[in-house]
Amino acid sequence: MIEYIRGELADLTPALATIEACGVGYGLNISLNTYTAIQGKKEAKLFVYEAIREDAYVLYGFASKREREMFELLITVSGVGTNTARMMLSSMSVPELCNAISTGNARLIQSIKGIGKMTAQRIIVDLKDKIVALGLTDEIPVGGTITAPINSAVRDEAVAALTMLGFSPAPTQKVVVAILNEQPTLPVEQVVKLALKQIK
């Protein structure tokens with residue numbers, strides 16, 4: 001079992017981080033929250049979740065143990081897979097998710113792309129007591145100001161991230177361009193968060 005990987009941050013997009021450790025480059029799927037936490041750093045330490053299936057061996061990386069714990073809780077809920085859990089953690093921070101779950105705010109959880117009414121209610125019922133038991137409600141959000149690159153770079157990176165999350169490039173680009181036309185100074189992770197709520 002891999003607990004964490006620490007090394008040089010060789011490559012980074014809003015959906016994938018490549019960390020080189022001892023001459024090996026590890027590709028880790030990440031959320032926007034982790035992207036925000038490690039962007040601009042030369043080295044990074046990511047806590048790992050290993051998704052081992054018959055057809056794939058996929059690594060997910062998290063900037064904090066708390067985020068990994070939330071991810072692991074989310075995938076225990078029927079109907080929530082690894083990609084859905086990552087999308088949830090890209091749309092909301094751990095404290096925001098915990099607050100929505102603990103207060104039974106199904107409508108807020110449903111605002112996340114791919115989460116229907118039944119799944120939102122199931123998440124609340126299954127996890128309400130667990131997040132309290134693990135102390136996740138005490139999590140403090142990791143903040144940080146990110147300087148937005150030029151619009152074309154933001155657009156391309158946002159579209160690439162959304163494509164990696166499973167959305168078709170053409171409608172994705174249309175939504176991203178519309179967002180940037182209205183708010184041209186938005187950083188990549190904010191563009192992706194807004195797009196996740198708008199893509200049909």
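Me: Two strands count as paired if DSSP finds at least two bridges between them. With that in mind, which residue is the bridge partner of Tyr4 in strand 4?

Reply: Strands are DSSP runs of E with at least two residues, and helices are runs of H or I with at least four, both numbered from the N terminus. This is a predicted model, where local features need pLDDT of at least 70, side-chain atom pairs count only at pLDDT 80 or more, and totals for chains, interfaces and linings use all residues. Residues are numbered from 1 along each chain as its sequence is written, and side-chain values use heavy atoms, leaving out hydrogens and water. Here, Tyr4 has Phe47 as its partner. Strand 1 (residues 4-12) and strand 4 (residues 43-52) run antiparallel, joined by five bridges.

Me: At what angle do helix 8 and helix 9 cross?

Reply: Axes are lines fitted to C-alpha atoms, for helices over the stretch in contact (heavy atoms within 4.5 Å), and angles run from 0 to 180 degrees between N-to-C directions. The axes of helix 8 (residues 169-182) and helix 9 (residues 188-198) come within 10 Å and cross at roughly 125°. Val175, Val176, Ile179 and Leu180 of helix 8 meet Val191, Leu194, Ala195 and Gln198 of helix 9.

Me: Which element has the lowest mean pLDDT?

Reply: pLDDT is the predictor's confidence in each residue, from 0 to 100. Helix 7 (residues 151-164) is lowest at 82, while strand 2 (residues 16-21) is highest at 96. Over residues 139-150 the pLDDT is below 50. Where pLDDT is low, predicted coordinates should not be read in detail. For the protein chain, the mean is 86.
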